Amino acid sequence: MELDPLLLSRIQFAFVVAFHAIFPVFTIGLASYIALLNGLFFKTENQAWDRLALFWTRVFAVVFGMGVVSGIVMSFQFGTNWSNFSLATANFLGPMLSYEVVTAFFLEAAFLGVLLFGRGKVPQGVHLFASIMVALGTFISSFWILSANSWMHTPTGFEVIDGRFQITDWSDAIFNPSFPFRFSHMVIASFLTGGFVVAGVSAWYLLIGRDAEANKKALSMCLWMLLFLAPVQAVVGDFHGINTLEHQPTKVAAMEGNWETMRNAPLLLFAVPDQEAQQNHFEIGIPSLASIILTHSADGEVPGIRKASPEEQPPVAIVFWSFRVMVGLGFLMIAVVFMGLWLRRGGRVFEHRGYLQTLRVMTAAPFIAVLAGWIVTETGRAPWLVYGVMSHAEGLTPSLTGGMALFTLIGYMAVYAVVFCAGVYYLTRVVRQGMLPGQPDFSDDIERPSRPLSAAHATFDDASRTTMGG
Amino acid sequence: METFDLSLIWALIIGFAVIMYVVMDGFDLGLGILFPFAPDEDARDVMMNSVAPVWDGNETWLVLGGAGLLAAFPLVYSVFLPALYIGVFLMLAGLIFRGVAFEFRFKSRRRRIWWNRAFCWGSAVATFAQGAVVGSYIQGFAVEDFVYVGDAFDWLSPFTVLTGLGMMAGYALLGATWLILKSEGHVQDWAYRIAPTLLIAVLAVFAIISVWTPFLDPNVWSRWFDHIQLIWVLPALSMACAFTIFRSVRRRDEGLPFIATLGLFIFTYLGLVASKWPVIVPPNYTIWDAASAPESQLFLLIGMLFVIPVVLTYTAWSYWVFRGKVKVGEGYH
């Protein structure tokens with residue numbers, strides 16, 4: 001069998017980027033939450049906020065560390081597998097991706113150490129300031145990455161000279177048409193992720209009856225935030241979709257599973273798209289609803305996939321179903337947070353075991369939704385790498401063979417399996433250890449190296465528990 | 001852009017990042033290579049503790065240099081990485097395993113032996129791959145019309161195997177002299193014992209490479225032999241450093257062996273740069289051929305000029321905080 005370096009490279013990139021994405025999508029939301037907790041403690045002097053902040057900072061340290069490791073691999077992927085693309089787009093993507101690195105290093109050098117290790121050693125106000133700066137830094141980091149990614153979807157402000165993209169207008173390129181929508185959609189997704197994880201972990205602590213006072217506070221504030229943000233995300237997602245309709249109609253057509261351009265397009269709840277026959281099987285839909293959602297009018301025109309020639313169509317089934325997974329989970333999240341509002345009457349929300357179990361399970365939902373969403377937008381762009389200008393095949397490294405790509409694909413999977421298992425296993429130990437009673441003393445910290453994981457204060461296996469007490 | 005040459009400034013920045021990375025990550029990778037030969041587990045604890053506070057900051061320079069290359073010299077990025085495809089993977093895998101081992105070895109007792117192995121193998125593989133990168137750079141790349149057209153294993157030749165082994169010996173020497181500086185007692189005695197052997201290995205490899213290189217690249221030949229030039233100062237200084245290492249180890253100086261080893265690396269590196277300058281993608285492309293648009297170089301330069309002093313300050317501060325000897329049974333509880 002002939003190994004296809006293009007397909008293998010796409011699978012490899014999808015794998016490493018999906019693996020990487022789960023860490024920042026969590027830390028962006030969590031960093032803001034930690035800043036909020038530190039702010040509340042600063043204002044109210046209530047020890048519960050402090051203990052929550054301390055616990056979640058330890059979780060943050062582990063997840064941030066894993067994100068940094070997987071991020072290093074990302075920065076080499078462009079060159080190893082997509083060298084033609086790298087060379088052609090370097091004038092724009094080079095500075096954008098480098099600014100992300102610059103932001104991250106600046107953040108790490110200046111503020112992360114203070115957040116992780118400065119507690120009790122620097123004035124409380126300085127510590128609060130550092131945690132706000134770390135939260136702000138995560139936004140700036142995602143600003144660069146999402147601007148670069150959006151530019152690949154809706155490239156503007158450039159001209160192609162001798163096969164290279166030359167930037168003619170930097171602000172047009174940075175603030176390209178899909179950027180504001182993608183950025184807001186992603187930031188809210190990060191908050192939803194952080195919110196559901198904190199809610200899920202707090203619910204679990206309440207189920208086993210640990211630290212009820214602090215965890216009730218955490219769960220309550222998360223549910224209020226989610227009650228607001230989950231519906232807002234649906235609205236923002238709708239705007240994002242309308243923006244995509246304008247710039248990438250074929251992607252929207254694939255999301256809707258709509259082959260022919262038509263008015264009164266139905267919203268398909270179920271279908272089996274058949275790329276070869278260029279049609280769906282077993283369609284179940286609600287009449288005119290797709291037109292209403294996308295154009296806000298029942299007889300609005302929805303583009304069809306067949307507008308693009310079969311070679312320029314994305315794999316419809318993947319886009320169609322990933323979109324349904326994302327939206328389905330989005331509505332599930334909205335339902336769960338409204339159920340929480342209803343259970344608040346009489347304070348049942350903190351005692352209802354079924355609901356707390358539901359929240360525990362829902363911890364996974366935002367991660368799956370985010371990955372599904374990225375699959376929709378990235379697969380839906382196919383066959384384009386830079387939309388309408390450069391295809392995947394044109395961007396691929398010419399010297400790459402199928403064997404090389406397969407070797408590294410298996411290699412990265414093996415490496416990540418080890419890292420991920422070790423990381424998640426360790427994270428569960430941190431969570432099991434839970435909030436440390438009273439005012440914990442880590443005065444030996446000054447003797448410890450100031451690396452992110454050192455802030456987690458949990459042991460890797462039981463045998464060392466007694467010797468690692470601190 | 002006529003007033004100053006952005007490509008030249010960027011070449012200086014990237015060159016600085018590369019040597020910072022080599023000397024700083026070099027000694028902690030070197031300790032990983034020496035790990036299996038350490039006299040006992042106490043010595044291994046000391047070795048790891050001596051670099052634990054600073055090792056990930058050291059790797060900052062690798063990422064900074066890599067990102068800077070894409071932005072300032074995209075041709076380097078888009079030729080080196082495809083040409084070194086397998087090597088880059090091995091290097092990253094090695095660095096990741098080593099990083100994970102660093103974090104979890106301290107937090108583990110029962111599974112410690114596995115983290116020791118991951119630390120050693122990760123360091124050794126990453127170092128060998130970096131040496132092979134240097135060898136490939138000296139060798140030159142098969143490039144046509146700005147695109148790499150060579151094979152998957154062009155980077156693995158007798159010459160690059162030699163540079164890979166040379167890099168392992170060099171990093172091990174850096175690690176040993178660092179350990180002389182940071183340890184005491186039986187650990188330091190051991191480091192004093194192995195340093196001269198490592199130095200001889202390094203010098204042997206350097207000698208073969210120096211003789212071999214001019215035959216690989218005629219430009220290098222003419223650079224060194226056409227007329228007597230000032231650049232002969234660089235190998236002379238390298239030799240002076242090597243001599244200083246020998247003498248200071250014998251006199252049991254504590255700081256000088258490490259400083260002289262740094263000097264050996266820096267002058268050898270400058271000698272390599274002097275051989276190739278201004279070619280950055282050998283054999284044909286100069287830094288100006290490989291450059292991105294001046295606006296792109298300028299755009300990122302602003303950020304770099306801001307962040308480099310911050311990173312340097314932070315680096316200096318963490319070395320200052322963790323100065324002094326690392327004792328057995330100290331540092332971690």
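Modeller: Searching the whole structure turns up six cavities of 30 Å³ or more. Keep in mind that this is a predicted model. I'll zoom in on the second largest cavity, which has a volume of about 40 Å³.

Sort the lining by class and you get seven nonpolar residues, two polar ones and no charged ones.

Most peptide bonds are trans. The bond joining B:Trp277 and B:Pro278, though, is cis, with omega at about -5°. You'll find B:Pro278 in the loop between helix H11 (256-276) and strand S3 (279-281) of chain B.

Chain A has a cis bond too, running from A:Ala382 to A:Pro383, with omega near 5°. Here the proline, A:Pro383, sits in the loop between helix H12 (365-379) and strand S7 (384-386) of chain A. Another backbone feature to click on is A:Asp162: not a glycine, yet its phi is positive, about 50°. A:Asp162 is in the loop between strand S1 (158-161) and S2 of chain A.

Now for where the two chains meet. The contact draws 70 residues from chain A and 60 residues from chain B. Interface size is often quoted as the accessible area lost when the parts come together. For chain A and chain B, the buried area is about 5900 Å², with 73% of it on carbon and sulfur atoms. Between the two chains there are zero salt bridges, but nine residue pairs are in polar contact, counting pairs with both residues at pLDDT 80 or more. On the side of chain A that touches chain B, at least two residues come from each of helix H2 (47-81), helix H3 (83-117), strand S2 (164-167), helix H5 (170-174) and helix H14 (402-433). H3(A) makes the largest contribution to that side, 18 residues. By class, that side of chain A splits into 40 nonpolar, 22 polar and eight charged residues.

Two of those chain A helices have details to follow up. Start with helix H3 of chain A, where A:Glu100 lies. A:Glu100 and A:Ile140 are 40 residues apart in sequence, and their C-alpha atoms are 7.6 Å apart in space. Leaving out residues up to four places away in sequence, A:Glu100 touches A:Ser141, A:Trp144 and A:Ile145.

Then there's H2 of chain A and the salt bridges. Over all chains, the structure holds 13 of them. One to find on screen pairs A:Arg51 with A:Asp211, whose closest N and O atoms are 2.4 Å apart. This pair ties together distant parts of the chain, 160 residues apart: A:Arg51 is in helix H2 of chain A, while A:Asp211 is in the loop between helix H6 (179-207) and helix H7 (212-247) of chain A.

Key
Residues numbered from 1 in each chain as written. Chains lettered and ligands numbered in written order. Predicted model: local features only at pLDDT ≥ 70, side-chain atom pairs only at ≥ 80, totals over all residues. Heavy atoms only, no water. Contact = heavy atoms within 4.5 Å. Buried area = accessible area lost by both parts, 1.4 Å probe. Salt bridge = Lys/Arg side-chain N within 4 Å of Asp/Glu carboxyl O. Polar contact = N/O pair within 3.5 Å; in protein donor to acceptor, adjacent residues only side chain to side chain. Helix = DSSP H or I, 4+ residues; strand = E, 2+ residues; numbered from the N terminus. Nonpolar A, V, L, I, M, F, W, Y, C, P; charged D, E, K, R; others polar. 1 Å grid on protein atoms, 1.4 Å probe; cavity = no way out; pocket = protein on both sides within 12 Å on 5 of 7 lines; lining within 4 Å. Points joined across faces, edges and corners; volume = space filled by probe spheres on them.
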